[in-house]
Amino acid sequence: MSWELLALTTALMYGVQELMIKQVMKKENYLAFMWVYYLVSTIMFFALFVRNIEFPGEAFPWIVAVAGGLLWAIASPLFFKSYELTDVSLRSPLGKLSLIIILSISVIFLGEALTFQKLAGTLMIFAAAVLLVAHGNDLLPRINSGVSTG
């Protein structure tokens, strides 16, 4: 399977997931929802864990795993709380600004090439996020207030 197909499939799944989370966050406590959400994820990951596991023998992967886990644990409540505070159509693109950080770190620390396409694409994402969160002057009237499911 190609990396492009995997990336597009993941993007589709994450998009549906974000819409589902926003629907629940309209009425539910984000901490309780987050707890169940990650419990289900843990069970799914455990199924993968027992199927095919090979532990790294060096310290560096363990340090990265612990540091990444700590960052994830700090960011997760913020991620879910943000769904309570704004529209998913604003929250999601703003969350994609992490691409700027990823581009910078990958070039500086991982030695990846900075191509015109990567830079231009990242700048377009940044510009789109700025346009989406600039609430001041809407160019078009709001078409509808969304579809009610309940």
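Select Tyr38 to start: tyrosine 38 is buried, with a relative accessible area of 17%. The cut-off for buried is under 20%, so Tyr38 falls inside it. Keep in mind that this is a predicted model.

Is tyrosine 37 buried or partly exposed? Its relative accessible area is 22%, so Tyr37 counts as partly exposed. Now look at the two rings together. Tyr37 and Tyr38 form an edge-to-face aromatic pair.

**Across to another helix.** Select Phe80. Tyr38 and Phe80 also make an edge-to-face pair, at 5.7 Å centre to centre and 90 degrees between the planes. Which parts of the chain does this pair link? Tyr38 sits in helix H2 and Phe80 in helix H3, 42 residues apart. Phe80 is buried, with 0% relative accessibility.

**Around Tyr38.** Show its contacts, leaving out residues up to four places away in sequence. Tyr38 then touches Trp72, Ser76 and Phe80.

**The ring cluster.** Select Phe33, Tyr37, Tyr38, Trp72, Phe79, Phe80 and Tyr83. Ring pairs link these residues into a cluster. The whole structure holds nine aromatic pairs.

**The core.** Last stop: select Ile21, Met25, Tyr30, Met34, Tyr38, Phe80, Tyr83 and Val88. These eight residues form the largest nonpolar core. Helices H1 (3-25), H2 (30-51) and H3 (59-85) each give two or more residues to this core. Which helix gives the most? H2 does, with three residues. In soluble globular proteins, nonpolar side chains tend to be buried together.

Terms used
Residues are numbered from 1 along each chain as its sequence is written. This is a predicted model: local features need pLDDT of at least 70, side-chain atom pairs count only at pLDDT 80 or more; totals for chains, interfaces and linings use all residues. Side-chain values use heavy atoms; hydrogens and water are left out. A nonpolar core is a set of buried Ala, Val, Leu, Ile, Met, Phe, Trp, Tyr and Cys residues joined through side-chain atoms within 4.5 Å. Buried means under 20% relative accessible area, exposed over 50%, partly exposed in between (1.4 Å probe, protein chains only). Helices (H or I, at least four residues) and strands (E, at least two) are DSSP runs, numbered from the N terminus. Contact means heavy atoms within 4.5 Å. Rings of Phe, Tyr and Trp (its six-membered ring) pair if their centres lie within 6.5 Å; planes under 30 degrees apart count as stacked, over 60 as edge-to-face and the rest as tilted.
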